[in-house]
Amino acid sequence: MIKKGTKIASPKGKLGILIPGMGAVATTFIAGVEAMRTQGAKPFGSLTQMGTIRLGKRTDKRVPLIKDFVPLADVNDLVFGGWDIHGENCYETTIRSGVLERTLLESLKPQLQKLKPWNAVFERKYVKRLHGKTVKKGKTKYDQAQQVIEDIQTFKEEHSLDRLAMIWCGSTEIFLKPGNVHATLNEFEKGLKKNDPGISPSMVYAYAALQLGIPYANGAPNLSADFPAMVELAQKNRVPICGKDFKTGQTFMKTIIAPGLKSRMLGLKGWFSTNILGNRDGEVLDEPQSFKTKEESKLSVLDHILQPELYPELYKDFHHQVRINYYPPSGDNKEGWDNIDIFGWLGYPMQIKVNFLCRDSILAAPLCLDLVLFLDLAKRAGMSGIQEWLSFYFKSPQCAPELYPEHDLFIQLMKLKNTLRYLRGEDLITHLGLEYYD
Ligand SMILES: NC(=O)c1ccc[n+]([C@@H]2O[C@H](COP(=O)([O-])OP(=O)(O)OC[C@H]3O[C@@H](n4cnc5c(N)ncnc54)[C@H](O)[C@@H]3O)[C@@H](O)[C@H]2O)c1
């Protein structure tokens, strides 16, 4: 464990952001950062840019901005690069994705046009709805990992980068269970050379990043770096990792409402969640094997929060269903519907209906920014392996094998802020508060 108040290297120089999967989320993130730099756009939704942190007692009135409290990289020092299979530059992708307004995109056109993804590691077997146009060759997955490593090294030299961070914003891959090939680094490396089918493209990128000591975050629910071989590599090379699956729309709401119901000992009979979305992510998730990966990620949340084993009378056998409906007219403007059947005093039933009309990439983009900045901070602070304090951002938080993941958004936020306090040698905040009344 690192020491309280550990020395954190300063964020001097440029930070390269590596993105496998330059689709709607990635390009909304990049365009947003460009708009911040050139037009003073406000980073709404980003804790690193807008959040504050209380230090000491409430009477101390010390509440700095997080970015003034911990040494984060400046958004002006970020340089973007990434991989995709579609052969478009980022300007073309933003237009096709239809998330941001045309006038904003025209004003950012020169920067976005310059960004053309590198050829990707891709196999259709893992994302069945997509066809790869710009795809790496290479006899083995190991060769492909070496090509990714070369891309990264060239990018680093060309832009004189000081440090790098990688964030997977690629499509959701088919459901894979960890097997032998994922058990140890040795087995995984043998698997790369033998083209083991258990190794998906997202794992090849993650492996390349960790080999180079580059922190890695996974924004999708696929395994990617969430198995023992990758954790071993991350520990061996002293690299921070985190994932999986950005917590943005419906699950974000779920992890706000469920802890509230439990805090009042209100029971749950059923929770039906359906989503209507029409972007490319929706198209990929329309395919049963990619949906299965997402479904697992979305379903796990309620059990962990409600703990039916501790409260069988309230939460045993509640009915939980999640649907994703691909409906092209909705585009990126996802609509989430939740019907929640609860019961209270003497078992009397009640219902909650939630209709969240959200914008998927608008919710995810600030999470990408926070994650790369916090991962870079973690690396400079000497932290490595699984970064559970970043669970706040994920639907399926990666955690130590002997632990269950923490899903309650407010516990996650407290964990994140206490980690920052710890890094800076400040007292942790317990919210006890008895001292004010002595
Ligand atoms: N937007 C959200 O709120 C949200 C929330 C949670 C998770 N996610 C996940 O984030 C990911 C990105 O979402 P999006 O809306 O940008 O989807 P998108 O379809 O617009 O973008 C994904 C991109 O990944 C590319 N891709 C697929 N396989 C690749 C590979 N092997 N290498 C390089 N590129 C590859 C695709 O060509 C596409 O351009 C998805 O997996 C999605 O499930 C998004």
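Guide: H1 and H15 are roughly perpendicular to each other. Keep in mind that this is a predicted model.

Visitor: How is a pair of packed helices described, and what are the angle and the axis distance for H1 and H15?

Guide: Two packed helices are described by the angle between their axes and by the distance between those axes. Here helix H1 (residues 24–39) and helix H15 (residues 360–380) pack at an angle of about 70°. Their axes are 8 Å apart. Angles of 65 to 115 degrees count as roughly perpendicular, so H1 and H15 get that label.

Visitor: Which residues make the contact of H1 and H15?

Guide: From H1 come Ala24, Val25, Thr28, Phe29, Val33 and Met36. H15 brings Ser361, Ile362, Ala364, Ala365, Cys368, Leu369 and Val372. These contact residues divide into 11 nonpolar, two polar and no charged.

Visitor: H15 also lies across some strands. Which strands are they?

Guide: They are strand E1 (14–20), strand E2 (78–84), strand E4 (161–168), strand E5 (216–218) and E6. H15 runs at about 130° to E4.

Visitor: What is the strand order in the open sheet of seven strands?

Guide: Read across it: E3-E2-E1-E4-E5-E6-E11. The pairing is parallel. Strand E3 (118–119) and E11 stand at the edges. Each has a single partner strand, so one side of each is left without a neighbour in the sheet.

Visitor: How many bridges join E6 to E11?

Guide: Two bridges join strand E6 (residues 240–242) to E11, and the two strands run parallel. To find one on the model, look at Ile241: its bridge partner in E11 is Ile386.

Visitor: There is also an open sheet of four strands. What is its order, and which strands are at its edges?

Guide: The order is E8-E7-E9-E10, with mixed pairing. Strand E8 (319–326) and strand E10 (349–357) are the edge strands, and each pairs on one side only. Neighbouring strands of this sheet are turned by 10° against each other on average, direction ignored.

Visitor: Do E9 and E10 run parallel or antiparallel?

Guide: Antiparallel, with nine bridges joining strand E9 (residues 335–343) to E10. Asp338 stands opposite Val354 in E10.

Visitor: Which strands does H11 touch on this sheet?

Guide: Helix H11 (residues 250–263) touches strand E7 (267–277), E8, E9 and E10. Its direction makes about 165° with that of E7. H13 packs on the sheet too, touching E7 and E8. The direction of H13 makes about 150° with that of E8.

Visitor: What is the volume of the largest cavity, and which residues line it?

Guide: The volume is about 30 Å³. The structure holds one cavity of 30 Å³ or more. Its lining is Cys242, Gly243, Ile386, Gln387, Glu388, Leu390, Ser391, Phe394, Pro397 and Gln398. Five of these are nonpolar, four polar and one charged. Look again at Ile386: this residue lines the cavity, lies among those nearest the pocket centre and is the bridge partner of Ile241.

How values were computed:
Residues numbered from 1 in each chain as written. Predicted model: local features only at pLDDT ≥ 70, side-chain atom pairs only at ≥ 80, totals over all residues. Heavy atoms only, no water. Axes fitted to C-alpha atoms, helices over the stretch in contact; angles between N-to-C directions. Parallel < 35°, antiparallel > 145°, perpendicular 65-115°, else oblique. Contact = heavy atoms within 4.5 Å. Nonpolar A, V, L, I, M, F, W, Y, C, P; charged D, E, K, R; others polar. 1 Å grid on protein atoms, 1.4 Å probe; cavity = no way out; pocket = protein on both sides within 12 Å on 5 of 7 lines; lining within 4 Å. Points joined across faces, edges and corners; volume = space filled by probe spheres on them. Pairing = 2+ DSSP bridges.
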